[in-house]
Amino acid sequence: MGEDRSPGGPAEPAAVHYDEEERPARELTGRVGAFVAIVAFGVALLVLWQVFRPLAQGSQYYLIIFLAGTLPLVFLAYRSGFGRGRDLPTVSDWVLAGGALLVCLYPLNPFGGGYNAFLDRQGLLEPVDVIFGAVLLVLVIEACRRTTGWALPIVCLAFLAYGYYGGLLPQHLSVAHAGLDFAQIVDALYNSGSGFYGTPLDVAATYIVLFTIYGAVLDLSGASRFFVDLSVAAFRRSRSAAGRTAVAAGFLLGTVSGSGTATAVSVGAVTWPMLRKAGYPREQAGGMLAAAGVGAILSPPTLGAAAFIVAEYLNVSYLTVLGWAMIPTVLYYLGILLAVEIDVRRFGVRAIDAPQTSAWRLLGRFGYHFSSLVVIVVLLALGETATRAVVYATILAGALSFLDRRHWMTPRRVFTALSAGVRGVLPVVAVCAAAGIITATTTKTGLGAQLASLLVNGAQAITDNPTVVLALTVVLAAFALALLGLAVPVTASFIIGWVIIGPALLTLGVPAPAAAMFVFYYSVLSEVTPPTALAAVGASAITGGRAIPTMWQALKYALPAFLAPIAFVLTDNGEFLLARGPALGILWTTAAAALAVAGLAIATGAWVPGVGPAGPESRVLGALAGLLLLYLEPVAVAAGIAALLVAVLLAMVRRRRNPPDRPPMDELALAPTRSPEEV
C-alpha cells in the first residue's frame with residue numbers, strides 16, 4: 001500500500017462504468033470495440049463543445065444529435081437477451097443501430113425542409129413523420145429493455161395504452177380523458193419538449209454524462225484506489241476496522257461515482273477479504289456493503305442522476321440540492337456506523353492485521369485527489385454552472401494525475417476516459433428517453449393531477465383531520481414509491497413518482513424541496529429493498545452469501561434512511577433537515593434526528609452501544625423513541641428522549657443482572673488475531 005498502490009503496474013486499466021441502471025454490457029474488443037470507442041469519444045467531444053459553445057439552434061437540436069450518437073451504441077454495447085449471448089453485435093444489432101441513427105437524425109433532414117420545418121409541423125405531422133416517430137418509439141423501448149430489463153418498458157407501454165384508450169373509459173371516472181390518437185401521441189413524443197427530448201434526456205446529455213466522464217478520469221488517475229487505501233489506513237488495528245473501512249470506502253468512492261451497485265461491488269472486491277478474516281458472516285458483510293454502496297447516490301458532490309432532475313424540475317442550482325442532501329447523508333452514514341459498532345459486539349468480530357501505512361502519509365502523498373472534489377463545490381458556490389464546474393474539475397484531476405507516474409493521463413487514457421464516460425451513461429440515456437413517454441403522456445392527459453387527487457381523497461375518506469390526512473398520504477406515498485422502485489430504476493422511479501406523488505404532497509402544503517427530496521430518497525432506497533435490491537444482489541455475488549438474507553441485512557443497515565424522509569414532510573420543522581431554516585432550528589432537528597437514528601439502531605441491532613445487549617423492552621422503546629424523535633415537534637422530541645433514556649437504563653439493569661462471560665472489550669481488542677482456520 002502507499003507507494004505500491006497499483007499492483008497491476010502501469011498497464012492501461014479498464015475504466016469503470018458509473019451508473020445505477022446498468023445491466024452487464026458486452027466486452028467489446030477488436031474493430032467493433034474500437035469503433036464504439038471512437039463514436040463514444042466523438043459524442044464526448046460534442047458534449048464538451050456544448051458546455052462552452054452551445055449550438056445556436058437550441059437545446060432540442062443538441063439533444064437530437066446527442067441521442068443520434070448514443071442510442072445506436074446501446075444496440076451495439078448491450079445484448080438483446082434472446083438466443084445465445086455473444087460478445088460481438090449480431091446483424092440485427094447493426095440493423096437496429098443503423099435504424100436508430102436514421103430516425104434520430106430525421107428531424108434534421110434537409111429534404112424535408114430541415115429542423116425548422118419539422119418544428120413548424122408540430123401538431124400537424126405528416127404521415128412520414130409519424131412513421132419515423134413510431135420507429136423511434138419502438139427503438140427507445142427496446143433500448144430500455146436491453147439496459148434495464150422488462151419492468152420499465154412495460155410501464156411505458158401501460159402509459160401509452162392509457163393515452164390511446166383513455167378516451168374509452170367512462171367519462172365520470174376521474175382518470176378518463178378525451179383520448180389521443182396515435183399521431184397525437186407520436187407528436188408529443190417526437191416533436192415537443194416534453195417527450196423524448198424533455199427534461200430527463202436534457203439532464204442526461206448536459207449533466208450526467210459530464211459527471212460520468214469525471215468519474216472515469218478520477219478512476220484512471222488512481223483516485224479510487226487511494227480512497228480505499230486511505231480508508232484502510234485510517235482505522236488500522238481495531239475490532240471495528242474492517243467494517244469502518246468498508247463504510248468509509250463506500251462513502252469516498254460514492255462521492256465520485258453516484259452509483260449504488262457499482263460502488264458496493266467495487267468496495268466489496270477490496271474489503272470482503274478483510275471482513276471475512278475479521279469474522280463477519282457473509283450475509284451480514286454483504287448487507288453492510290450494499291448499504292454503504294447505496295450511500296453513493298446520496299453522497300455529495302456527485303449524487304445520483306435523479307438529483308440533477310430535482311434541480312431542473314425545481315429550477316434551482318445543483319449546489320442547492322447538494323445542500324439539501326448534506327444532513328440526510330450524515331444521518332444515513334451515522335446509522336450504518338452505529339450498526340457496524342453493534343455488529344462488532346454481537347458477532348464477536350476480531351481485529352485484523354492491517355498494513356502499517358500511515359493515513360497521514362497517504363494524505364500527504366496522494367491527498368491531491370480530493371482537490372477536484374473541492375473545486376466542484378467552490379465553483380458552484382461562486383456561481384459557476386454545474387456543467388462548467390465539473391469540466392474544470394475533470395481537467396484538474398487529469399493534470400494532477402502527473403503527480404503519480406503510474407497514473408499519468410496520457411492521450412490514450414484521456415481517450416479511454418472520455419469514451420468510457422459516454423459508454424457509462426448509455427443506460428441512463430435509454431431510461432431518460434423512455435421516461436419521456438411517461439412525462440409526455442402524463443402532461444397530455446392530466447393523469448398526474450388526477451392520481452394525486454385520488455391519493456389525497458383516499459386519505460380524506462378515512463379522516464378529515466389535516467395532520468392525519470397528511471400522515472396517511474405520506475405513508476401511502478412511501479409505500480407506492482417503494483413498490484415502484486422494485487420494478488424500475490432509480491431515475492425512472494423518481495420521474496414517475498414526481499409527476500404522480502409530487503402533486504399530492506404539494507396539494508397538502510408540503511414545500512416543493514421537501515416533497516422532491518422525499519420522492520428522491522424513496523426512489524434511491526429501492527436499491528436495498530427486497531426482493532429486487534440490486535446493490536444487495538451485487539454485494540452477495542462478491543461475498544458468496546445468499547441474496548435474500550443479504551437484502552434483509554442491507555435493509556436493516558439502511559432503515560434510518562427509510563424514516564428520515566418522512567420527517568421532511570410531516571411537520572414544518574422537517575425542512576430544517578434539508579438545511580432550510582434558521583441555524584438554531586437546523587442544529588436541534590439534526591441532534592434530534594441523530595438520537596432517532598441511535599434509537600432505531602438499538603431496535604434493529606438488539607444492542608445499546610457502550611452498555612450491552614438490549615432486551616425486548618429496550619428494543620421496543622428504542623423503536624418508539626426513533627419514531628417520536630423524527631416527528632420533530634417539541635413534545636414528541638421530549639417524549640422520544642425519555643423513551644430512549646428508559647431503553648438505555650433497562651439495558652444497564654439487564655447487563656448488571658446478567659454480566660457477560662467474555663473478557664472486557666479492551667482485552668478482546670488487544671487479543672492476538674486468529675485466522676478463520678485457527679478458529
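**Exercise 1: The surroundings of Asp129**

Asp129 touches Tyr106, Phe118, Arg121, Val186 and Tyr190, where residues up to four places away in sequence are not counted and contact means heavy atoms within 4.5 Å. The model is a predicted one, in which local features need pLDDT of at least 70 and side-chain atom pairs count only at pLDDT 80 or more, while totals for chains, interfaces and linings use all residues. Residues are numbered from 1 along each chain as its sequence is written, and side-chain values use heavy atoms, with hydrogens and water left out.

Task: State in which helix Asp129 is found, and whether Asp129 counts as buried or exposed.

Solution. Step 1: Asp129 belongs to helix α5 (residues 127-148); helices are DSSP runs of H or I with at least four residues, numbered from the N terminus. Step 2: Asp129 counts as buried because its relative accessibility is 0%; buried means under 20% relative accessible area, exposed over 50% and partly exposed in between (1.4 Å probe, protein chains only).

**Exercise 2: Packing of α5 and α6**

Task: Describe how α5 and helix α6 (residues 151-165) pack, and classify the residues in their contact.

Solution. Step 1: The axes of α5 and α6 lie 8 Å apart, at an angle of about 150°; axes are lines fitted to C-alpha atoms over the stretch in contact, and angles run from 0 to 180 degrees between N-to-C directions. Step 2: The two helices, α5 and α6, are therefore roughly antiparallel, a term for angles over 145 degrees. Step 3: On α5, the contact is made by Leu137, Ile141, Cys144, Arg145 and Thr148, and on α6 by Leu152, Pro153, Leu157 and Leu160. Step 4: By class, the contact of α5 with α6 has seven nonpolar, one polar and one charged residues; Ala, Val, Leu, Ile, Met, Phe, Trp, Tyr, Cys and Pro count as nonpolar, Asp, Glu, Lys and Arg as charged, and the others, Gly among them, as polar.

Methods: Angles under 35 degrees count as roughly parallel, over 145 as roughly antiparallel, 65 to 115 as roughly perpendicular and the rest as oblique.
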